[in-house]
Each structure stands twice: as C-alpha cells, then as structure tokens.
Amino acid sequence: MQPLRPAIRRYPWGSTTLIPELAGQPATGDHIAELWFGAHTAGPAHVVASDDTLISLDDYIAADPHHHLGARVHQHADGRLPFMLKLLAADEPLSLQAHPTRAEAEAGFARENAAGLALDDPQRNYKDPNHKPELIVALTQFRALAGFRPIARTHELFAVLDCPELAPYVEILTSANSAGESEQLHALFRRWVTLADDVREGLIRAVVDVASTILADDSACESVAGWILDSLRTVVDLQRRYPGDIGVLSALLLHHVTLEPGQAICLKSGQLHAYLEGMGVEIMANSDNVLRGGLTEKHVDVPELLEVLDFSSVQDPIVEPYSSADGRLRYPAHSDEFVLERVELTCEQPTLRCEHDGPAIVLVTRGAVRSEDRIIRPTEAVWLSAGAAETEFAVAGGEAGGETETSAELFIART
C-alpha cells in the first residue's frame, strides 16, 4: 500500500471551498475543480515511495505491470490502469458534453495525429484512443443535466411554456411520420444547433422570458410539476451565465437531476450531459476525451459532437447501489473497466479487508481511516497493487467538532 498524491485540476468552474473544506483546510481562493487519482498521461497521480520520493503512477505501473495490475488486468488492459478515479467539485456548470465510443475514439485520435495536432492543442478533441463511460456518486447535493428525457415528458414541459416561438420546433417532435423517438430528437437537436446566431438568440430570449414569467408567479407555480419548475430555473440560470448559448436550448431536452449524497448517475458513451453544481466521487475509463457542445469557453466542435451523440432517451439516469455480503455498496456501471464501491465504517462494522486480484485505489471522504501504520484523511487516497497482501482499513477515531469520530466513509475503485 502506497499513498497517492493526486493531480490537481484548477478550472474556472471549480469550487473554491468544497474540496478544502472536505480536507479540513482553509480555502485559498483557488478554483479547485478536480483531484485526479489515476495514471492518465495528461495528469497522473504520484505514488509516495518509502523514501518520500514521488513517482508518477503511470511510470510506477510500467516498471512492473504484472505485479501492479495482476495477470487478469494486465492481459485485458494492455499493461495500463484501465480506470481513473476523481474527486470533482463544481460551483458553476461544466460544459455540455458527450464522450465517444472506443471505435470513435480510435478513429478520431488517429485522424488528429495524422493532422499533426499536438496532444495539448486546444483545438484537439481526442487526447487518447479510449472511450469514457463514467459514473459519479454525490457527496453533497449534486445537480446535473443527464441524458435525453422521453419525448412525452418534454411535451409536458413545452405545454407549460406555451411559447409561440417554440411551436415550429415542437412540430418536429409531433410529426406524423414513422420516425422513432431517437430520430425525432436527432432532427430537433440538429435543427437547433444549425440555427443562425440571431435566430437562436431570439428563440432563447423568448423561452427564457416565458420561463421567468412563470417562475415569478407563485399561483402559476402551484399548478406546475416540481421537475418542470426545476427545468425552468436551470434554463433561466444558464441563460444568465451563457447568454444565447446552444446549451440553454439543449437543457430543454435533458433530464434535470438533483442527487442526494450517496445517489449516482451512470453515463454511457454518447450520452449528452453537463454537471451543474456540487461535489462527488467520479470514476471512468482511463480517458480524457470530451466532445463539447456549449456552456464553455473551451473548444466547441458541434459537428463532431453530432457524430458521437446517442439520441436514445433515458427513463431515469439515477442509479442506486446494491449491497454485498460484507456491507459494501456497489454502484452498477456500463463498463467492465471499473467497479466503484462505497463503504461506511461504523461501530458495528469497524474494519474492512481488501483482498483482490487487480489494482485498487481507496479514497477516504469522511472521518479518519487507519491502515497499517498510516492515517488516511478525507481527500487522501492509497494505491493497492494487485500483488500486495490483503489490506485492512479501520476507523482511526480522532476529534471532530469536539466529539470523537466513530465512523468513516471510503470509496474503493477497482477493476
């Protein structure tokens, strides 16, 4: 077992308080968006060796991949760690985005390499040849746009808006032809993203004006479903932050999700989404490929986004964990590259034993945890090589708010 030092990502949307508060440290004003606990070349974590020197995790694994990954993972993952674990904290919306399938990523990566684009070129879409299914578990209340909602529900939203400027576009979703739901959503989304700037901006202003009028009328709000009011508030807020952005219109078609701590959303390749606010533990395949469509100052490539989007509607993007025999809560994922488990150590279950045939990263998110001769605190993580002996974790106690801590929470990322 070795301590891991994460790669720190500072983005404008990052929170200035959430991660420092979790770590029990004073805020410095920095926008700390993500802590990367992984071996991606764009930002590897570092293993703290016995002499306190730092070794990047990708180099550490490459020195003895059979030992660190184990035979099973080494064979199927081509000698690389197949997942990345992150702690994500957002004060403002992230970009509207989707991630490619493996085949799309391989083709896009090769295409951009052939074009001579450097890996750090801001115009680059594909940083590696891998797909990026992902799952995020909320640590605080967490808001997100996640996946296209069924058209029937979107009709309910449009009926409440009753905006004349929307009428021509509503027709696309009510056409009498044989097009299925995916085709109709594709047709509407493509129409919106190809509107002339002045037409798009006028449509957004009309929608936001109606939404603002509804939200300002308490009696009108009493007769409107809560999920519709949440959607209207988000649309108004996005227009305030990114006036005229295509992401404002896109938000009319997506699920507006509010996760409570412990709840999660799982996203397949091609599913359109945007995290809005909150802190969570995120796990994904080992990739940094992002196709952006709006709500950002970064590179936006709408044509490429259209190529990778999956327009299938999602009934409910929220996934609930299921409990294993030893008290671990395991989150269902659309990938065989990663498994994420949450464990609460309490007086009734004060210890956890980790025995595994593959690599694992253990991240503490609450309380203090003792393992071997180390104390691991919130935002800190350790690396467990596949060849390591069974490792035990236990509540370390300590003072919190004048009282002795008797519980702790940790996440186990493995494959």
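Two strands count as paired if DSSP finds at least two bridges between them. Helices (H or I, at least four residues) and strands (E, at least two) are DSSP runs, numbered from the N terminus. The model is predicted: local features need pLDDT of at least 70, side-chain atom pairs count only at pLDDT 80 or more, and totals for chains, interfaces and linings use all residues. Residues are numbered from 1 along each chain as its sequence is written, and side-chain values use heavy atoms, with hydrogens and water left out.

**View 1. Strand β8 and its two partners.** Strand β8 covers residues 134–138, and five of its five residues are buried (buried: under 20% relative accessible area; exposed: over 50%; partly exposed: in between; 1.4 Å probe, protein chains only). E134, I136 and A138 point one way from β8, and L135 and V137 point the other way. Four antiparallel bridges link β8 to β11 (residues 264–267). V137 has A264 as its bridge partner in β11. Five antiparallel bridges link β8 to β12 (residues 273–285). There, I136 is partnered by E282.

**View 2. The nine-stranded open sheet.** The strand order is β5-β4-β1-β22-β19-β26-β17-β16-β15, with antiparallel pairing. β5 (54–56) and β15 (322–323) stand at the edges with a single partner strand each, so one side of each has no neighbour in the sheet. Within the sheet, β17 (residues 339–345) and β26 (residues 408–414) run antiparallel and are joined by seven bridges. L345 is bridged to A408 in β26.

**View 3. Helix α4, from one face to the other.** Helix α4 (residues 102–114) has 13 residues. Its first and last C-alpha atoms span 18 Å, close to the 18 Å expected at 1.5 Å a residue (the expected span is 1.5 Å times one less than the number of residues). A105, G108, F109 and E112 are buried in α4. Seen down the axis, the buried residues fall within an arc of 100 degrees, so they line one face of the helix (the arc is that of the directions from the helix axis to the C-beta atoms). A103 and A114 are exposed on the other side of α4. G116, just after the helix, takes a positive phi of about 80 degrees.

**View 4. Two loop residues with positive phi.** L295 has a phi near 60 degrees, a positive value in a residue other than glycine. L295 sits in the loop between β13 (291–294) and α12 (302–308). Its relative accessible area is 1%, and L295 is buried. T379 is not a glycine either, yet has a positive phi of about 80 degrees. T379 belongs to the loop between β21 (374–376) and β22 (381–384). T379 counts as buried at 12% relative accessibility.

**View 5. Nonpolar cores.** The largest core has 56 residues (a nonpolar core is a set of buried Ala, Val, Leu, Ile, Met, Phe, Trp, Tyr and Cys residues joined through side-chain atoms within 4.5 Å). Helix α8 (residues 197–216) gives the most to this core, with seven residues. The residues with the most contacts inside the core are F158, L161, L166, F189, W192 and L252. F158 touches L166, V170, L173, W192, L252 and L253, not counting residues up to four places away in sequence (contact: heavy atoms within 4.5 Å). Apart from this core lies another of 39 residues, among them I19, A45, Y331 and A413.
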